[in-house]
Amino acid sequence: MPPETPEDLAAALPSAAREIEEFVHAAGWDQPTQVFALVPTGQLLAAEPGLADQLDPASPLTPIAQEALPAEDLAEALSGIAWPEQVAGCAVVQEIVVLPPEAEAELPGDSERDRQVAAEHPDRHEARLVAAVLRDGGETCVMRLRASDPEPGDELIQDPSLAPNLLTALHATFAD
C-alpha cells in the first residue's frame with residue numbers, strides 16, 4: 001500500500017470526522033469531551049500489522065480515541081497537547097448548546113453566566129460538535145443537532161466554519 005499523500009489525507013478528513021461522530025453517537029448523548037488522534041492508516045498498519053483485521057485499509061485516516069478531556073476548560077486542556085510526528089491530525093468531540101443568533105447576541109458576556117443562560121434558553125438546541133484538523137492545515141466540522149422528538153431524528157451538518165476558534169486551538173496542538 002503506497003503512503004498517503006497530503007491530498008489523500010485532506011480528502012479523507014470529512015469522512016474521518018463523520019466516522020468519529022458516528023462512533024460517539026453510538027454511545028448516546030451526555031458523553032464527556034473526547035479527543036482523537038488521526039493517523040495515516042498505511043503507517044499504522046506498517047507499525048502494527050496485527051491491526052489489519054480491525055482497520056479499513058481503503059481509508060487514508062484512522063481515528064484513535066485518546067483519554068477524555070476535562071469539560072471545564074477545553075482551551076487549557078488543548079494547550080497541553082503535543083502530538084508525535086506519526087499523528088497527521090486530531091479531532092475533538094464535545095456536546096454544546098446552540099442558540100439562534102438573536103439569542104446569542106443577548107448573552108451577558110460572562111462565560112459562566114452565558115452557559116447558564118444558554119442552558120435555560122427556550123430556543124436552545126443541544127448538539128454534538130466534532131472539529132477536526134490536519135497537521136498540514138486541513139480542517140472540517142460536523143455537528144449533530146439533538147432532536148427533541150425521536151422522529152424524524154437528529155440533523156447532521158458538516159461545515160468547516162462551525163467552530164473557527166476550536167479549529168485554531170486544534171491547529172495549535174501541532175505547533176512546534
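Let me begin with a definition: two strands are said to pair if DSSP finds at least two bridges between them. Helices (H or I, at least four residues) and strands (E, at least two) are DSSP runs, numbered from the N terminus. What you see is a predicted model, in which local features need pLDDT of at least 70 and side-chain atom pairs count only at pLDDT 80 or more, while totals for chains, interfaces and linings use all residues. Residues are numbered from 1 along each chain as its sequence is written, and side-chain values use heavy atoms, with hydrogens and water left out.

First, the sheet. Six strands form an open sheet in the order S2-S1-S3-S4-S5-S6, with antiparallel pairing. Strand S2 (61-65) and strand S6 (155-158) are at the edges with a single partner strand each, so one side of each has no neighbour in the sheet. On average, neighbouring strands are turned by 20° against each other, direction ignored; here axes are lines fitted to C-alpha atoms, for helices over the stretch in contact, and angles run from 0 to 180 degrees between N-to-C directions.

Within the sheet, strand S1 (residues 34-40) pairs with S3 in the antiparallel sense through five bridges. Ala37 has Cys90 as its bridge partner in S3. Helix H1 (residues 6-26) packs on the sheet and touches S1, S2, S3, S4, S5 and S6, its direction making about 145° with that of S4. Helix H6 also packs there, touching S3, S4 and S5, and its direction makes about 35° with that of S4. Contact means heavy atoms within 4.5 Å.

Now to strand S4. Strand S3 (residues 89-98) runs antiparallel to S4 and is joined to it by 10 bridges; Gly89, for instance, has Leu134 as its bridge partner in S4. On to S5 (residues 139-145): seven bridges pair this strand with S4, again in the antiparallel sense, and Leu129 is bridged to Met143 in S5. S4 and S5 form a hairpin with four residues between them, and Gly137 in the turn has a positive phi of about 115°. How many of the 10 residues of S4 (residues 125-134) are buried? Eight are, so the strand is largely enclosed by the rest of the structure. Buried means under 20% relative accessible area, exposed over 50%, and partly exposed in between (1.4 Å probe, protein chains only).

Helix H6 (residues 164-172) has Leu166, Leu167 and Leu170 as its buried residues. Seen down the axis of H6, these fall within an arc of 100°, so they line one face of the helix; the arc is that of the directions from the helix axis to the C-beta atoms. As a general point, an α-helix has 3.6 residues a turn, so residues three or four places apart point the same way. The face of H6 turned away from its buried side carries the exposed residues Asn165 and Thr168. The cover over the buried residues of H6 includes helix H3 (74-79), S3, S4 and S5.

Finally, consider Val87, in the loop between H3 and S3. Is Val87 buried or exposed? Its relative accessibility is 7%, so Val87 counts as buried. Val87 and Val39 lie 48 residues apart in sequence, yet 4.9 Å apart in space, C-alpha to C-alpha. Leaving aside residues up to four places away in sequence, Val87 touches Ala37, Leu38, Val39, Arg135 and Phe174.
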